[in-house]
Amino acid sequence: MTPPPTARSSSGAGAPRRAERSRRTKETSIDVAISLDGSGLVDVSTGLPFFDHMISQLGRHAGFDLRVSASGDLEVDAHHTVEDVGLTIGEALTDALGDKAGVRRFASIALPLDEALVEVALDLSGRPYLSYSIAFDPEAQALGTPPFDPQLAEEFWRAFATTGALTLHLRTVTGKNSHHVLEASFKGVARCLRDAVRVEGTGVPSTKGTLG
């Protein structure tokens, strides 16, 4: 039986929006610390250099301070590490957001990177949902050493959307280079998060009075 993740959070009325989460299983060991009102300082180590690069883009372009330390059974497959990092970052985001009072909530962007163009739309809805239409060439090679299979990005986003309790749509408009497509998608989500978590009011942005 998987032990429950541990958490520490300082979110609440007037408190800094930051949180720490840890996850321990037989396959992975993950530690995450996040500050939503940071300056884009990142420190990421997962054993997968290309994945580190993508998670660093997520933190830096969202304007979050983000620390991720992960070890997993990479000798078996990278899937467990990638998915569990997504779950843990999503949990930390949820904790840091608290009741989401005053947040902008919605954001969208069409983000270019050379020949790649990726559309992202995001809602801090409290209702986990992922629509993922990011296409890769069937001949696309894994990236980095140890290798990161581009298809694993979908597993990361599904895990992140689930525990982050958000609605997330990603779609490739155009793109041939898998590195460019992936980087555009991570930067696009980052910029949407930067906008969506911005505090611009006082009440919870929902007619129901709650997001969750």
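This is a predicted model: local features need pLDDT of at least 70, side-chain atom pairs count only at pLDDT 80 or more; totals for chains, interfaces and linings use all residues.

Reader: Is Asp 84 buried or exposed?
Author: Residues are numbered from 1 along each chain as its sequence is written, and side-chain values use heavy atoms, with hydrogens and water left out. Asp 84 lies in helix α2; helices (H or I, at least four residues) and strands (E, at least two) are DSSP runs numbered from the N terminus. Buried means under 20% relative accessible area, exposed over 50% and partly exposed in between (1.4 Å probe, protein chains only), so with a relative accessible area of 5% Asp 84 is buried.

Reader: Which residues does Asp 84 touch, not counting those up to four places away in sequence?
Author: Contact means heavy atoms within 4.5 Å. With residues up to four places away in sequence set aside, Asp 84 touches Arg 23, Thr 25, Thr 28 and Ile 30.

Reader: How does Ala 140 count, and why?
Author: Look for Ala 140 in the loop between β8 and α3. Because its relative accessibility is 29%, Ala 140 counts as partly exposed.

Reader: Which residue of β9 is the bridge partner of Glu 119?
Author: Start with β6 (residues 106–113) and β7 (residues 116–123), which pair in the antiparallel sense over eight bridges; two strands pair if DSSP finds at least two bridges between them. Ala 110 has Glu 119 in β7 as its bridge partner. On to β9 (residues 167–174): seven bridges join this strand to β7, and the two run antiparallel. There, the bridge partner of Glu 119 is Arg 171.

Reader: What is the phi of Asp 114, in the turn between β6 and β7?
Author: These two strands form a hairpin with two residues between them. Asp 114 sits in that turn, and its phi is positive, at about 55 degrees.

Reader: How far does helix α3 reach from its first C-alpha to its last?
Author: Helix α3 (residues 152–164) has 13 residues. The expected span is 1.5 Å times one less than the number of residues. For α3 that expectation is 18 Å, and the helix comes close to it, reaching 18 Å.

Reader: How is the ring pair of Trp 157 and Phe 160 classed, and why?
Author: Rings of Phe, Tyr and Trp (its six-membered ring) pair if their centres lie within 6.5 Å; planes under 30 degrees apart count as stacked, over 60 as edge-to-face and the rest as tilted. A search of the whole structure finds eight aromatic pairs. The rings of Trp 157 and Phe 160 have centres 5.9 Å apart and planes at 75 degrees, so this pair is edge-to-face.

Reader: How many residues apart in sequence are the parts tied together by Trp 157 and Phe 186?
Author: Trp 157 counts as buried, at 0% relative accessibility. Its ring centre and that of Phe 186 are 4.6 Å apart with planes at 45 degrees, so the pair is tilted. Because Trp 157 lies in helix α3 and Phe 186 in helix α4, the pair ties together parts whose separation in sequence is 29 residues.
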